[in-house]
Amino acid sequence: MRSSYGYEIPTIIAILVLSFFLFSPRLVVKGSEKLWQENRTSVLGDESKKMKLINAQLKKINKPYVKSIKSPDGDIIDCVLIHLQPAFDLPKLRGTMPLDPPKLPKEHGKRRTSSRVKQAWSSNGESCPNGTIPIRRTSASDILRSRSISKFGKKISAKNNSSGRGHEHALGYLLGKQYHGIKATVNVWAPNIAHKDDFSNSQIWVISDVPNHDLNVIEAGWMVYPGLFGDNSPRLFIYWTNDGFQKSGCYNLLCSGFVQTSNQISVGAAIEEISTYSSSQFNIDLMMYKDPETRNWWLSMDSHMIGYWPSALIRELADHATMIQFGGEVFDSQASGGHTSTQMGSGHFPGEGFGKASFIKNIELVDGENTSIPELSDIILGAEKPNCYDVTSGYNGIWDNYIFFGGPGNNPQCP
């Protein structure tokens with residue numbers, strides 16, 4: 001039977017039933033509410049799981065403290081009992097106590113004077129009690145800025161694409177001998193960072209790179225890294241790896257490894273005095289050297305011992321290093337587009353010289369007799385893209401061996 005419109009009656013009934021379900025406000029709202037509730041439950045579940053992972057990470061990193069200090073720059077510095085620091089979570093170190101600092105390497109020739117570095121957290125005279133160490137407190141927002149919760153505090157080892165993106169350097173290096181330490185004066189700047197996950201640093205490296213052995217590296221210097229620290233302040237940093245940056249290692253005290261002994265200097269805390277173009281220049285004196293007795297590698301800044309990397313952690317460095325490096329590094333986090341405009345050093349090329357370009361001076365090595373050697377004749381220079389960041393070297397009677405390095409990154413010659 002057909003209607004006056006030419007349709008079969010059953011067809012009309014089907015259309016009416018379908019229209020009721022499709023266009024009934026009550027059913028639409030209820031369906032939407034159900035879908036919204038399901039999505040909301042899923043999102044909340046994901047967020048809850050994420051926060052559980054973050055809280056578990058924070059529990060590992062942040063230790064019980066006897067005193068907390070609110071830094072003028074917003075950081076919170078916890079004074080943690082020295083035997084409760086993250087390093088002693090390692091099974092190899094659990095139940096032990098930090099070692100006393102060894103003798104400094106013997107000076108060869110003139111003795112240099114240095115001023116104590118100023119960090120923001122202690123600028124008002126604050127300090128941590130004896131028997132404690134100052135550790136920058138990690139917050140949930142710090143971890144949320146990371147690309148991955150599991151990789152928080154680790155160096156980004158991005159695979160360079162055909163345009164050469166990734167880690168770029170302008171540095172001097174030595175290789176071919178046995179090295180037991182390096183001492184250098186590092187100029188401090190606050191370079192512009194183009195992207196949150198970019199970083200720029202000036203540092204010294206101690207490396208063991210032997211075929212068929214794990215790459216061992218320890219690093220120290222200053223860096224600007226918004227993705228890790230949340231601001232553009234230059235900060236004292238350290239890093240280590242014993243497997244070529246694969247799974248081991250981290251920045252500062254964000255994992256078990258480095259044993260801190262100083263109650264006066266906080267790795268990861270901001271450096272207060274920063275160089276200004278064509279004006280005042282500020283530096284930090286850094287030294288990394290191997291204790292001949294324990295074979296641990298110690299770090300000092302401005303003649304103040306900060307702590308050490310245990311030889312059990314960096315076995316390939318327990319005897320000696322095969323390479324020493326000093327200079328600048330930039331990480332370009334962007335996968336496409338033009339070269340990053342993240343600056344290295346002062347953001348100016350080395351040809352501009354003192355007061356304008358970044359430098360590392362008074363470069364000395366430590367030999368197997370635990371003596372510092374200022375005369376170096378075999379420095380090699382390296383820069384992947386000299387039109388972006390470059391390096392030069394020299395020698396004089398005041399600075400001994402030195403390098404100027406850095407650059408602006410993106411520019412007409414570095415598109």
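**Entry 1: a charge over a ring.** I started with Lys155, whose charged end sits over the ring of Tyr239, 5.1 Å from the ring's centre. A note to myself: this is a predicted model, so I am reading computed values here.

**Entry 2: counting pairs.** Next I looked up how many aromatic pairs there are, and the count comes to 15. I picked Phe199 and Tyr225 to look at: their pair is tilted, with 5.1 Å centre to centre and 50° between the planes. Where do they sit in the chain? I found Phe199 in strand β6 (residues 199-208) and Tyr225 in the loop between β7 (216-224) and α4 (226-229). They are 26 residues apart, and the pair links distant parts of the chain.

**Entry 3: on to Tyr251.** I then followed Tyr225 to its pair with Tyr251, which is edge-to-face: 6.1 Å centre to centre and 75° between the planes. Tyr251 lies in the loop between β8 (235-241) and β9 (259-260), and Tyr225 in the loop between β7 and α4, so this pair ties together parts that are 26 residues apart in sequence.

**Entry 4: buried or exposed?** I checked Phe199 and Tyr225, and both are buried. Why does Tyr225 count as buried? Its relative accessibility is 5%, and the cut-off for buried is under 20%. Tyr251 also counts as buried, because its relative accessibility is 0%.

Notes: Residues numbered from 1 in each chain as written. Predicted model: local features only at pLDDT ≥ 70, side-chain atom pairs only at ≥ 80, totals over all residues. Heavy atoms only, no water. Phe/Tyr/Trp six-rings, centres within 6.5 Å; stacked < 30°, edge-to-face > 60°. Helix = DSSP H or I, 4+ residues; strand = E, 2+ residues; numbered from the N terminus. Buried < 20%, exposed > 50% of the residue type's maximum accessible area, 1.4 Å probe, protein only. Lys NZ or Arg CZ within 6 Å of the ring centre and 35° of its normal.
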